[in-house]
Amino acid sequence: MHLIVQKMIDSNDSRFQVSEFILMGFPGIHEWQHWLSLPLALLYLLALVANLLILITIQCEPTLHQPMYLFLAILAVVDFGLATTIMPKILAILSFDAKAISLPECFSQIYAIHSFMGMESGIFLCMAVDRYIAICFPLQYPSIITETFVIKATLSMVLRNCLLTIPLPVLAAQRHYCSRNEIDHCLCSNLGVTSLACDDITINRFYQLALAWVMLGSDMVLVFASYALIIRSVLRLNSAEATSKALNTCSSHLILILFFYTAIIVVSVTHLVGRKVPFIPVLLNVLHIVTPPALNPMVYALRTQELRVGFQRVLDLGKNVSRK
């Protein structure tokens with residue numbers, strides 16, 4: 001993607017008067033925004049360590065080699081990539097005042113952010129389908145949800161997001177940036193970058209909106225439809241114990257889904273009404289990208305007994321090795 005964008009820029013050099021963008025950071029608090037570097041660095045470190053622990057545990061524990069946990073491992077990889085897409089640059093801005101970012105790097109960041117966000121939404125949909133089949137069709141579950149199904153579902157989500165996201169940076173690279181290059185943000189958001197363009201950005205806004213509805217919107221509708229069917233099926237169970245067990249198997253997933261999509265809605269609303277206090281939508285945007293990678297492993301660890309046992313075994317193994 002970086003090379004594609006660079007070729008786009010090189011082919012339009014005569015139209016480009018801006019050689020780089022300046023990411024100003026958090027608007028309104030530029031004087032003391034460096035104090036945010038420590039909590040954000042700790043949050044990023046937590047996200048890296050927690051997701052790495054998830055991957056190691058699922059890899060080392062044969063009992064966790066099940067579709068539900070394979071999807072969780074894929075989610076950990078996506079979260080790892082999502083956090084790493086933005087946090088190193090944000091920490092460089094806050095700690096070392098390294099605000100400059102080249103055009104290809106900025107457009108590549110736009111592509112990476114939207115791709116990983118779409119993949120996270122897509123994996124949540126796959127996990128919802130997994131829980132729907134497990135609870136509503138338990139006898140058919142082993143024959144439907146197999147490792148082959150996990151691979152095909154994951155590849156389809158990766159291809160969907162990687163291909164549909166390509167026009168975002170391509171369209172952004174075709175705009176004419178003639179004078180302004182300061183972005184009042186700490187990451188390259190599509191609309192934040194294209195708003196600096198001197199020509200019409202209607203097509204950029206339209207594709208951003210269409211992409212949000214096609215990917216995130218459709219995923220959200222299908223996810224909540226799956227859980228509506230799950231809840232309807234669970235309420236038909238005569239046994240209170242069976243009902244409790246069925247709800248417990250998908251409670252952690254439902255918590256993360258509600259947080260993910262609620263955060264998207266909140267960020268969207270604050271962007272629309274955040275002109276008076278622009279710091280709020282920028283902070284929420286950053287937290288929405290870095291908090292789920294740190295939160296997802298913790299929720300699963302606290303609410304999934306098999307995973308907790310796996311964590312304990314992996315950590316005990318590490319202690320035994322260190323003693324030797």
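**Cysteines and a surface patch**

User: Why does Cys198 count as partly exposed?

Analyst: In this predicted model, Cys198 has a relative accessibility of 39%.

User: What makes Cys178 and Cys198 a disulfide?

Analyst: Their sulfur atoms are 1.6 Å apart. A disulfide requires two cysteine sulfur atoms within 2.5 Å, so the pair qualifies. The torsion about the S-S bond of Cys178 and Cys198 is about -85°, and the disulfide is therefore left-handed. Cys178 is placed in the loop between helix 7 (167-173) and strand 3, while Cys198 is placed in the loop between helix 8 and helix 9 (202-235), so the pair ties together parts 20 residues apart in sequence.

User: Why does Cys178 count as partly exposed?

Analyst: Its relative accessibility is 23%. Buried would require a value under 20%, and exposed a value over 50%, so Cys178 counts as partly exposed.

User: How do you know that Cys106 and Cys188 form a disulfide?

Analyst: The sulfur atoms of Cys106 and Cys188 are 2.0 Å apart, and the limit is within 2.5 Å. The pair therefore meets the criterion. This pair links distant parts of the chain, 82 residues apart: Cys106 belongs to helix 4 (residues 103-136), and Cys188 to the loop between strand 3 (182-183) and helix 8 (190-194). Both cysteines are buried.

User: Why is the disulfide of Cys106 and Cys188 called left-handed?

Analyst: The torsion about its S-S bond is about -120°, so the disulfide is left-handed. A search of the whole structure finds 2 disulfides. With bonded cysteines counted along the chain, the pattern is 1-3, 2-4. Cys126 is in no disulfide.

User: Are Cys126 and Cys162 buried or partly exposed?

Analyst: Cys126 has a relative accessible area of 5%, which is under 20%, so Cys126 is buried. Cys162 has 21%, which lies between 20% and 50%, so Cys162 is partly exposed.

User: Which residues make the nonpolar surface patch?

Analyst: Leu52, Ile56 and Phe80 make this patch, of about 240 Å². Phe80, in helix 3 (residues 67-96), has a relative accessible area of 32%. A patch residue needs over 30%, so Phe80 passes that cut-off.

Definitions and conventions: Residues numbered from 1 in each chain as written. Predicted model: local features only at pLDDT ≥ 70, side-chain atom pairs only at ≥ 80, totals over all residues. Heavy atoms only, no water. Patch = residues over 30% accessible without salt bridge, like charges linked within 9 Å, V, L, I, M, F, W, Y side chains within 5 Å. Areas by Shrake-Rupley, 256 points an atom, 1.4 Å probe, with all protein chains shown as cover. Salt bridge = Lys/Arg side-chain N within 4 Å of Asp/Glu carboxyl O. Helix = DSSP H or I, 4+ residues; strand = E, 2+ residues; numbered from the N terminus. Buried < 20%, exposed > 50% of the residue type's maximum accessible area, 1.4 Å probe, protein only.
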